[in-house]
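Here is a short tour to read alongside the model. Keep the viewer open and follow the residues as they come up.

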Amino acid sequence: MSTNDARDELRRVVRQFLERRSTESDVRRLMEDEAGYDPAVWTTMADQLGLQAMAIPEELGGAGFGYQELCVVFEEMGRALLPSPFFATVGLAATALLECGDQEAMKRHLPAIASGELVATLAVGEERGGWDESAVDMRAQPSGSGWTLSGVKRFVPDAHVSGLLLVVARTAEGLSLFAVDPHSAGCRVEVELTLDLTRKLSRVRLDATPAVLVGRAGQAWDGVRRALRFAAVALACEQVGGARRVLDMTLDHVTVRHQFGRPVGSFQAVKHKLADMLVDIESARSAAYDAARAVAERDADVELAASVAKAVCSDTYTRAAATAIQLHGGIGFTWEHAAQLYYKRAKSSEFLLGTPGHHRDLVGRALGI
Amino acid sequence: MTAELDLVVTTTEDLLRSHPPARTPRRDFLAAQFDAGLAWVHFPVGSGGLGVAPPLQREVTLRLADAGAPDGAEFNRLGYSMGAPTLAAWGTRAQQERYLRPLFVGDERWCQLFSEPGAGSDLAGLSTRAVRDGDAWVVNGQKVWSSLATISQVGMLIARTDPEQPKHRGLTYFLVDMDAPGVEVRPLRQLTGEAEFNEVYLTDVRVPDSARVGEVSDGWRVAMTTLMEERVLFNRERTERTPADLALELYRTRPDPGPELRTRMIDLWVRARVQRLNSRRAAANRTAGIPGPEGSIGKLVYAELNQDALELCLDLLGDESMLYDSYEMSAYTEESLTRRAEQDVRRLFLRSRAYSIEGGTSEIMRNILAERVLGLPPEPRTDKNVPFSRIPRG
Ligand SMILES: Cc1cc2nc3c(=O)[nH]c(=O)nc-3n(C[C@H](O)[C@H](O)[C@H](O)COP(=O)(O)OP(=O)(O)OC[C@H]3O[C@@H](n4cnc5c(N)ncnc54)[C@H](O)[C@@H]3O)c2cc1C
């Protein structure tokens with residue numbers, strides 16, 4: 001089988017699974033659920049589909065596939081709007097562990113992530129918001145043979161169900177990464193009310209909480225930054241999946257809905273909007289796929305590709321979801337209709353891991369302008 | 001004009017002197033304003049007006065706002081801005097006497113029962129039926145997206161009285177008592193979480209013929225007045241803070257917004273200013289009572305400008321935009337109207353998606369401008385000159 005055939009097959013399997021296990025009514029039920037995800041689905045994803053293990057190297061309990069395969073999975077999850085700590089665990093935490101190159105930490109946590117036993121996340125931003133170095137004020141203090149952390153992290157995806165928090169904090173040497181067990185003393189995880197109810201974000205308060213250093217003190221940012229960029233590529237693929245889904249939904253609606261004695265999709269004003277949406281989404285897809293390839297191949301300019309993808313896919317998704325509401329008319333503005341779920345996911349994922357404006361700024365810097 | 005201006009200004013000053021806003025209860029002030037002819041200055045004397053040019057209302061509104069007087073429109077936008085002008089244009093003297101004063105002083109709130117599940121953009125395709133029975137009409141059908149219907153006493157209704165005529169011709173306009181037997185209002189939850197709009201089921205509702213506005217089967221023309229006024233309403237000059245004002249406030253609280261946000265902020269501020277000038281010029285040009293299809297310019301600009309402004313607000317708010325205040329399903333109450341002004345920007349942002357749908361979609365506004373203002377040939381239509389009963393409906 002060629003690589004492309006294999007990816008198509010993977011897509012088919014994942015889509016079929018999610019069409020059964022993440023229907024709109026499942027999504028709505030989980031929006032109201034405290035955990036916010038279905039543990040049975042999580043387990044099936046690990047045991048039968050091996051999704052958590054996919055991009056983790058074989059020697060660490062993974063399946064050793066590349067990032068492009070993983071991105072197919074993210075795209076399908078975005079399409080199905082799957083409420084799951086998969087993005088936090090696989091997209092953020094596993095990637096951060098891999099990029100920080102601490103063999104011991106990888107051996108301790110990655111097999112458990114691969115097998116689906118461990119849900120984990122990465123905590124970067126704080127009260128000010130933002131996803132770069134300057135967002136981090138949290139201090140780490142040496143304590144006996146280990147460390148303690150104090151401070152507040154914000155907008156941490158799925159921290160409320162995580163068994164492992166990877167936390168970025170400052171030591172005398174500079175930015176460092178720590179592993180925190182959320183059950184330890186002084187750690188409080190508070191779920192916030194989110195615009196997008198399908199992905200929960202938490203405020204994590206640490207008060208002299210014991211933490212284990214991952215990698216070398218003061219040396220974490222290169223790895224964390226790469227992990228954030230790679231995760232942004234995963235998010236971009238999610239955005240493409242969601243954007244295409246709202247296009248499909250809208251095509252169905254404008255074909256069936258009649259006004260003035262004809263389908264509203266027969267009006268050129270409507271057709272042109274949908275055609276623009278298609279152009280947008282195909283362009284976004286090109287940017288996302290290229291970035292996934294760049295991660296897989298460790299391109300020299302992979303971070304540039306990631307920022308291009310995050311900026312373009314964020315804009316595309318929000319625009320597509322807004323247009324979907326528009327072309328549905330009044331019904332698109334209701335709670336009962338699915339368009340709003342995608343719109344909120346789109347708007348919120350614009351901010352997650354840096355806004356399109358932030359990523360365009362990074363592109364500008366890469367260009368030296 | 002100067003004589004009219006003098007009249008308006010002195011009458012307003014007299015009102016403020018005889019009824020100091022700080023010491024006058026809301027309803028008393030509004031009643032005195034109505035009786036002085038300062039509710040809608042262009043309406044006839046005795047109907048809340050002075051019979052002067054419509055743009056002069058602005059002189060009243062600004063002076064009263066400055067003096068801290070209550071705003072009669074505030075809690076009854078649809079009645080004040082759409083219902084009243086419709087009655088002024090088409091209502092009988094008796095109807096004007098019956099409805100205008102209660103509408104203005106806040107005794108009766110109005111809602112609009114136009115859209116139906118099968119008739120939104122194509123409003124004339126509606127199928128709610130009204131059948132004559134003695135000196136009354138019996139109405140059956142379903143309306144949808146009816147804003148504020150839970151807290152309204154009067155509904156502006158269009159219904160089909162003659163299905164054998166082409167679709168625009170067999171319609172009649174009524175005012176329905178929302179408390180009448182057979183009127184059932186069911187709140188519909190919106191993507192913001194709250195239920196501002198509703199489904200309204202009409203089952204054998206008896207509407208007296210005296211509540212019919214305009215001639216039988218001439219309801220489309222009456223409804224056009226309501227719709228034209230609705231479009232102008234969106235574009236009215238506002239005394240409250242606009243989304244562009246909110247964006248500028250947020251901008252000023254941000255330590256280092258960077259060049260991209262700065263450029264967007266300035267661009268938006270310029271657009272907001274031009275929009276204000278545009279609506280002011282349109283209002284000043286409005287010598288006739290009823291606005292024309294150019295009203296669609298303001299509606300279109302309003303929708304797109306304010307959607308962009310609220311988008312910018314979220315970008316200025318930063319990561320906090322990923323949070324929300326409450327999605328709890330709440331029915332619309334009197335209180336919701338008051339709360340509206342101080343809503344969270346994230347709620348306003350979600351609400352803004354409706355700006356380009358309610359009151360006619362932006363696509364329909366562009367069609368109107370292209371066809372009715374610019375005179376371009378319309379798209380081919382097969383549903384126009386055949387009896388409504390013979391139009392296939394999907
Ligand atoms: C918040 C809110 C409040 C509202 N309040 C009221 C109210 O109080 N009373 C009331 O009566 N109604 C109310 N409405 C209804 C509103 O007027 C309709 O939703 C609107 O006219 C569109 O109709 P529709 O929803 O049936 O969409 P449709 O007409 O089905 O339109 C679907 C899409 O097709 C497009 N389309 C349709 N025809 C054409 C065409 N000829 N050319 C190009 N594009 C076209 C539309 O622009 C839209 O994008 C409200 C709506 C909202 C969202």
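Arg132(B) is partly exposed, at 44% relative accessibility, whereas Asp209(B), at 17%, counts as buried. Here buried means under 20% relative accessible area, exposed over 50%, and partly exposed in between (1.4 Å probe, protein chains only). The two side chains meet in a salt bridge, 3.5 Å from N to O; the term stands for a side-chain nitrogen of Lys or Arg within 4 Å of a carboxyl oxygen of Asp or Glu. Arg132(B) sits in strand β2 (residues 129-133) of chain B and Asp209(B) in the loop between β8 (197-208) and β9 (212-213), so the pair links parts of the chain 77 residues apart. Helices (H or I, at least four residues) and strands (E, at least two) are DSSP runs, numbered from the N terminus.

This is a predicted model: local features need pLDDT of at least 70, side-chain atom pairs count only at pLDDT 80 or more, and totals for chains, interfaces and linings use all residues. Residues are numbered from 1 along each chain as its sequence is written, chains are lettered from A and ligands numbered from 1 in the order in which they are written, and side-chain values use heavy atoms, leaving out hydrogens and water.

## Salt bridges in chain A

Over all chains, a search of the whole structure finds 67 salt bridges. In one of them Glu127(A) pairs with Arg203(A), with the closest N and O atoms 3.0 Å apart. Glu127(A) is partly exposed at 41% relative accessibility, while Arg203(A) is buried at 18%.

Another joins Arg229(A) and Glu303(A), at 3.9 Å between the closest N and O atoms. Arg229(A) belongs to helix α7 and Glu303(A) to helix α9 (residues 302-328) of chain A, so this pair ties together parts 74 residues apart in sequence. Arg229(A) is buried, with a relative accessible area of 9%.

## The nonpolar core

What do the buried nonpolar side chains form? The largest nonpolar core has 153 residues, and Phe86(A), Leu166(A) and Leu353(A) have the most contacts inside it. Helix α7 (residues 221-256) of chain A gives the most to this core, with 18 residues. Such a core is a set of buried Ala, Val, Leu, Ile, Met, Phe, Trp, Tyr and Cys residues joined through side-chain atoms within 4.5 Å.

Beyond its neighbours within four places in sequence, Phe86(A) is in contact (heavy atoms within 4.5 Å) with residues including Trp42(A), Leu70(A) and Met77(A).
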